[in-house]
Amino acid sequence: MDGLICDKYKNAVKTRIFNSNLFHHCCFQLTERSLYAIVSCFLLFLLAYNSSTVFYVQVPVPANYSPEISTLSSENVAGKSRKLVSLSSSAKLSSSVVYAVKEETPLVKPNTQFTISHKNPNLVGFTYDSVDYGPKRRRKKKSLVKVVPSGVKINVFSMRMKEFFGSKLSNSSCKFRFFMTWISSIESFGEREQFVLESLFKAHPNGCLVIMSTSMDSPKGMQVLNPFLEKGLRVTAISPDYVYLFKNTIAQAWIDSLMKGNIDTGEVSLGQNLSNLLRLGLLYKFGGIYLDTDVIVLKSFGKLRNVIGAQTIDVETRNWSRLNNAVMIFDKRHPLLYKFIEEFALTFDGNKWGHNGPYLVSRVVSRVGGRDGYNFTVLPPMAFYPVDWNRIGSLFLGPKNETHSKWLPLKLKQIQSESLAVHLWNKQSRELEVEEGSIIQHILSDCCVFCNSHSSKLSICLVYSQLKNDQIIASIILYIPLKRMNIMDGKRRTF
């Protein structure tokens, strides 16, 4: 009996232990699943929160009060201080007006702009500096920024040209607009070219000169022009913009083809041919006077309008046989200039010298001369080309004999009375020496600007003569820069 009870007790204990173990096992499994569920829910919550912050888009709300000009940058709203709300490039604007609000914390914004030196108002150039955009005064009524159509691009070339010709900071007005082109290096712009500038301003002290040149449009180039600027003369160098100059002309397509490499530039210098085209575009776009850099100006061009000069004439008929484009004076958008540009684009030939220059203007004028609507004048050779290219050396020679001694003063008197300028024909005369008593010597002494200037780097030139006793004395014969003369065996030199 006792054994039976004992067995039942043992079985009951085992059952209780089993049930207890089973209970603890179930509880443990339940707790583990709940923990996993809680952690999973927490992770899902974090994922949902992060996703909402990543794809969250804040819609800008325009200000309810009058805006004022401010910088284009973003800023958090803090009290009453607000700045411009920048829109993405994909946003579609119903108006081209830009709204801005006043900012109380000024920012420094780098700005590229044109400046005119207060010390020298003729010097126009680029500066890259930092400009402080501080708080602006709130306008009472009109608070909108000036309307600028969207997509408008400011042309740097046009801006510089207007800045130079339209400057009101100069004491003298820009009465004459002169243009030159320079396709060579700065080092090649020598004393002869500088003297040409002197002669130009001697005859036109109120004139303005723009030299179209990439090499001269530089700090070194402005150093070359600095003596003129210090004297209050208005001259600058600007890099050309062919696309702007020939927009809406037939030459626009020619320029595009050239840039794509589809034009046979030929054997003649492309720079020379581009200079022929550039001078036409400048006069057509702005109007004024074009001069080659080897043309010495003797008198004012004030009475000339829509003029081109003949280089040669027919001896029998006394009609011109060839014109030249070294000197041209035309109004803005003159129809003859357009014909010149059209001829250049349609008949360009880079293998024939002069085909796109002197021969071009001769061809066009021969066709349109006498037609209605083309009002211009062809001046005789004495006006700009008193001596042709194959006889230019005669102006550099001093008296050689009795006959030549009589011819020199007569020719000089004729040039001084009938000529407005003298073309030096650089290609033929560059290496010629200016001999004592020559016509060029007299012209140099009459047309200089820095003749008695001791403040500039241009000074009085001394020519040295060799004496029998090997002593050297100096005699002042010309007021021109020292660099214009080379002392060679005691004789005169080139300029």
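Author: A nonpolar core is a set of buried Ala, Val, Leu, Ile, Met, Phe, Trp, Tyr and Cys residues joined through side-chain atoms within 4.5 Å. The model here is predicted.

Reader: Which residues touch the most other members of the largest nonpolar core?

Author: In soluble globular proteins, nonpolar side chains tend to be buried together. Here the largest core has 61 residues, and Ile211, Leu291, Phe301 and Phe384 touch the most other members. Helix α3 (residues 191-203) supplies the largest share of this core, 6 residues.

Reader: What is Ile211 in contact with, leaving aside its neighbours within four places in sequence?

Author: The contacts of Ile211 include Met180, Trp182, Phe189, Leu197 and Leu225. Val235, Thr236, Ala237 and Ile238 are also among them.

Reader: Which residues does the second core include?

Author: The second core is separate and has 45 residues, among them Phe164, Val210, Met212 and Val364.

Reader: How many disulfides does the structure hold?

Author: A pair of cysteine sulfur atoms counts as a disulfide within 2.5 Å. The structure holds 1: Cys174 is joined to Cys208, with an S to S distance of 2.3 Å. Cys174 lies in the loop between α2 (156-165) and β3 (176-181), and Cys208 in strand β4 (residues 207-212), so the bond ties together parts 34 residues apart in sequence.

Reader: Is Cys174 buried, partly exposed or exposed, and what about Cys208?

Author: Buried means under 20% relative accessible area. Cys174, at 23%, is therefore partly exposed, while Cys208, at 0%, is buried.

Technical notes:
Residues are numbered from 1 along each chain as its sequence is written. This is a predicted model: local features need pLDDT of at least 70, side-chain atom pairs count only at pLDDT 80 or more; totals for chains, interfaces and linings use all residues. Side-chain values use heavy atoms; hydrogens and water are left out. Helices (H or I, at least four residues) and strands (E, at least two) are DSSP runs, numbered from the N terminus. Buried means under 20% relative accessible area, exposed over 50%, partly exposed in between (1.4 Å probe, protein chains only). Contact means heavy atoms within 4.5 Å.
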